[in-house]
Amino acid sequence: MSADGRASNRYVLAIDQGTTSSRAIVYDAAGQLVSVAQREHRQLYPAAGHVEHDAAEVRRNVEGLIGRVISAAGIRSRQVVGIGIANQRETTVLWDRRTGRPVRNAIVWQDTRTEDLVARLAQRPDMDEVQARCGLPLLNYFAAPRIRWLLDSDERLRESAERGEVLFGTMDSWLIWNLTGGANGGVHVTDVTNAGRTMLMNLHTLDWDERLLEFFAIPRAMLPEIRSNAEIYGHTTIEPSGIPIAAALGDQQAALFGHTCFAAGEAKCTYGTGSFLLSNTGTAPVRSGHGLLTTVAFRIGDEPAHYALEGSIASTGSLVQWLRDRLGLIESAPEIETLAATVTDNGGCYVVPAFSGLFAPRWHAEARGVIAGLTSYITRGHLARAVLEATAWQTREVVDAMNADTGQALRELRVDGGMTSNNLLMQQISDALGVPVERPLFAETVSLGAAYAAGLAVGLWPDMEGLRRNRHTAARWHPALTAADRDREYRHWSRAAAMSYNWTADTGPTSG
C-alpha cells in the first residue's frame, strides 16, 4: 500500500472527449481531481464550411490517455471502478462493423454542409411533426441531416447501412464500441442525451422514432441501442482491461450534472468560445415557445428521465479572441478585464457579436455583428466593457426565454468554463440577470459530471444527494444594478441586436 493509503481506495475515470482535444481525469471518492492527461487532435477543413475530425485519431488518443492518467494517479487499474464519458455532441461518425474503420472523417457539430439539405427538408408538409416528436427545430446543427448527407453521397454506403454493416454513432458510441472490443464484439450503444441531439429520438418514449427515421430516410439497422446515462454498458478490452464503462453524457448535460443541478429550476451556463445555458425542468419535457431547445437532461438507471431547456449562444469567448487577434486591443484574453475596468460604464456603446448569426432565442442565421452607439467619446476601455456586456445580455435573453417557458423565475445561475475567471464579467452577468451567479471550487464540471454518473452506476456514491455534499463554492456574485438601470441597458442592447438582422440578404442597389 502507498503511504497515502491509495491502494485501498476506489476511483472513477472521466473521459472528456471535446472538440479540440480529449482528456482523461481520475477522481477520488470525494469528487476531487487526482490526475489529468490531455491530447489534442487535428481540426480538418476540407472546404468552406466543412469541419471534420479523424475519428480513428480521436480513438487512439483516448485509448492512450486511459493508461497514462491511471499511472499518473499512482494507483492500480483495478482501483478504477468505472469510466464515464462526456463528449462533443452532434459530431457524426459512420464506420464499418466488420473492419472497425470509419468510412470517412467524422462531420463535426460546427459543420454547415447540410444547409441546402435542411432547406429542402423544410419544404416538406410534415416538417412540423419533427419538432413535436424530438423537441428540436429542423436545423443543420444536429446529427440526422449529417447522416442523411453521408448516405445520399454514396448509394453503396446506404445499402450497407440498411444491412447494418455500417454503423452510426456520436463520439460516445464510437468510443464505447471500440473500448469494449470494436469489430470483435464491441457494444453499440448511446445514451439518451446524445440520442436526443440526433433529431431521431422520440422525446417521450426515449427510443428511435419510426416517423423521424422515415422523414430523414435513415435505416434503423445502423443506429445504436439507447441506454440511460448511468449503467454498465460493457468493460474495456484494451489495456488496462476489465474496467466497467458505466456512464455517457453529452458534454453540456455532463456539466449540468457536474453542477448537481438535479432539481427543476436549477440551471448552469458554460462560458467558452460559445456558451450553453441549460435549466433542469423536471421529469416532463417543456415545449419552448421562445426559441429554446427541449432536450433530455439525464436519466440515471431505471429512474425517470429529467428534461432541460437549452439556449446556445454562438459568440462569447470568440468575441474576446476577436478583440485580441483581429483588432489587437489586448495581447491576452485576461487583459480585457483590466482594460474594461478603466471605465465605469460602456459610454453608450453596445456590441452584438453575430459573427455567424444569432442563436437562441433569436435564431437569425443571416445576422451579422454590429457596434452601435459609437461617438468620439468612446475609448478602448468602453469598447472592452461593451464586449463583456454582450455576453451578459445574451445570457439575459436566454434566461428571460426560460423564465417565460417554465413560468418560474431563475433564482441563481451556476457557471463554469474559461470565461468565469473574469470577475468583472461574472458581476456583469449577475447585474444583467438580477440573480446571484455562483462559480464552483472545482471548475471541471463536464468531466466531473461524467465521473459522478459513473460512480452512481457502480455504487461509489449511494445517491445523488450525496453528490451535492461534494459541491463547494469558490466565488459568488450578487446583482449591484438597480432594476431600472438593468432594464434600460438591456433595451438599448436589444435595439442594437435588432439592427444586426438581414445583413446577408440581397437588398439591391442603394438609391442616391
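1. How much space lies in the second largest cavity? The second largest cavity holds about 50 Å³, where a cavity is a set of points on a 1 Å grid over the protein atoms alone at which a 1.4 Å probe fits but cannot get out. The volume is the space filled by probe spheres set on the points, which are joined across faces, edges and corners.

2. The model is predicted: local features need pLDDT of at least 70, side-chain atom pairs count only at pLDDT 80 or more, and totals for chains, interfaces and linings use all residues. Residues are numbered from 1 along each chain as its sequence is written, and side-chain values use heavy atoms, with hydrogens and water left out.

3. The lining of the second largest cavity (residues with an atom within 4 Å of a point) consists of G258, P440, L441, F442, L448, Y452, N470, R471 and H472.

4. Three cavities reach 30 Å³ or more. At least two lining residues come from each of β16 (306-313) and α12 (380-406); helices (H or I, at least four residues) and strands (E, at least two) are DSSP runs, numbered from the N terminus.

5. The second largest pocket (an open set with protein on both sides within 12 Å along at least five of seven lines) has a volume of about 280 Å³. Among its 16 lining residues, R385, E389, D431, L481 and E489 are the closest to its centre. Helix α13 gives the most to this lining, with five residues.
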